[in-house]
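Biologist: I have the sequence and the structure open side by side. Could you walk me through it?

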Amino acid sequence: MFLLLACASGSFRYAGGTDPVVTAFYLQEEGSERDSLSVLIANSYVDSCKMPGPEDTQAFEQMYLAINREGARIARLTLHRFRKDSWIGDYPLSADPVDTLLDDRDPFVGEASWYAVLEAQTVGEDGLIVEYEPTETEEEWVIPDGDVRLTRDDDRIHGEFGFETIDVSGTFKASPCRISYDDSIFPLVDLLGSASNDDLVD
């Protein structure tokens, strides 16, 4: 179910090991002066950044398993730029309101969160589909210290990140997600910090 691509899209480094980045998507939202870039980085395979419809049970189950399997790791970034045409630059992470930080002298700022399933138990099985329930997780929904650096912003976004408070770092090459934010999987991933697994499945 979880395919390791022949050419990984980066890597995670954390206390105790490293993992290849298997899925990395980005979605851009433009504003009048401030633009935002949502980035999803995971060590599990997710076929599309589009949110599966209720009739597409196979795609939804794949995404659910990617989030909940033991060993799953997800980094979620939101990068903001002020009056800039390129995303290339350094984005210090902050827990403060973005509007109070961005100006012409400091045109880049980032927000980040981290989710890892350290242990999971099997709660159901239907043919080849196995359902998991996380029993031990590592969650950091606001990472106040660290930074993200973007080095290329052609069709793919290339970058690296460091989360100092939890000793996690990595690199990524993210592919574009050319749909609206509401139609993407980003809102579902953002629910991880406030929802139970039942909420994710319903």
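Modeller: Let us begin with Arg34, which is partly exposed, with a relative accessible area of 31%. Please keep in mind throughout that this is a predicted model.

Biologist: Okay, and what does Arg34 form a salt bridge with?

Modeller: Its partner is Asp99, and the closest N and O atoms of the two are 2.4 Å apart. Asp99 lies in the loop between strand S6 and strand S7, whereas Arg34 belongs to strand S4, so the pair ties together parts that are 65 residues apart in sequence.

Biologist: Is Asp99 buried or exposed?

Modeller: Asp99 counts as exposed, because its relative accessibility is 63% and the cut-off for that class is over 50%.

Biologist: How many salt bridges are there, then?

Modeller: The count comes to nine salt bridges. One of them joins the side chains of Arg81 and Asp35, with 2.9 Å from N to O; Arg81 sits in strand S5 and Asp35 in strand S4, 46 residues apart, which makes this a link between distant parts of the chain. Both Arg81 and Asp35 are buried.

Biologist: And what about Arg76, what does that one meet?

Modeller: The side chain of Arg76 meets that of Asp190 in a salt bridge, at 2.9 Å from N to O, and the pair links strand S5 to helix H2 across 114 residues. Arg76 counts as buried at 7% relative accessibility, while Asp190, at 35%, counts as partly exposed. Salt bridges with shared partners also join Glu33, Arg83 and Asp104 into one network.

Biologist: Which strands does S1 pair with?

Modeller: S1 runs antiparallel to S11, joined by four bridges, and Phe12 stands opposite Gly170 there. S1 also pairs with S2 in the antiparallel sense over four bridges, with Tyr14 opposite Gly17. In the hairpin of S1 and S2, two residues lie between the strands, and Gly16 takes a positive phi near 105°.

Biologist: Last one: which residues form the negative surface patch?

Modeller: That patch is formed by Asp145, Asp147, Glu160 and Glu164. Glu160 is found in strand S10 and is partly exposed, with a relative accessible area of 36%.

Conventions:
Residues numbered from 1 in each chain as written. Predicted model: local features only at pLDDT ≥ 70, side-chain atom pairs only at ≥ 80, totals over all residues. Heavy atoms only, no water. Patch = residues over 30% accessible without salt bridge, like charges linked within 9 Å, V, L, I, M, F, W, Y side chains within 5 Å. Areas by Shrake-Rupley, 256 points an atom, 1.4 Å probe, with all protein chains shown as cover. Salt bridge = Lys/Arg side-chain N within 4 Å of Asp/Glu carboxyl O. Lys, Arg positive; Asp, Glu negative; His and termini not counted. Charge placed at Lys NZ, Arg CZ, Asp CG, Glu CD. Buried < 20%, exposed > 50% of the residue type's maximum accessible area, 1.4 Å probe, protein only. Pairing = 2+ DSSP bridges.
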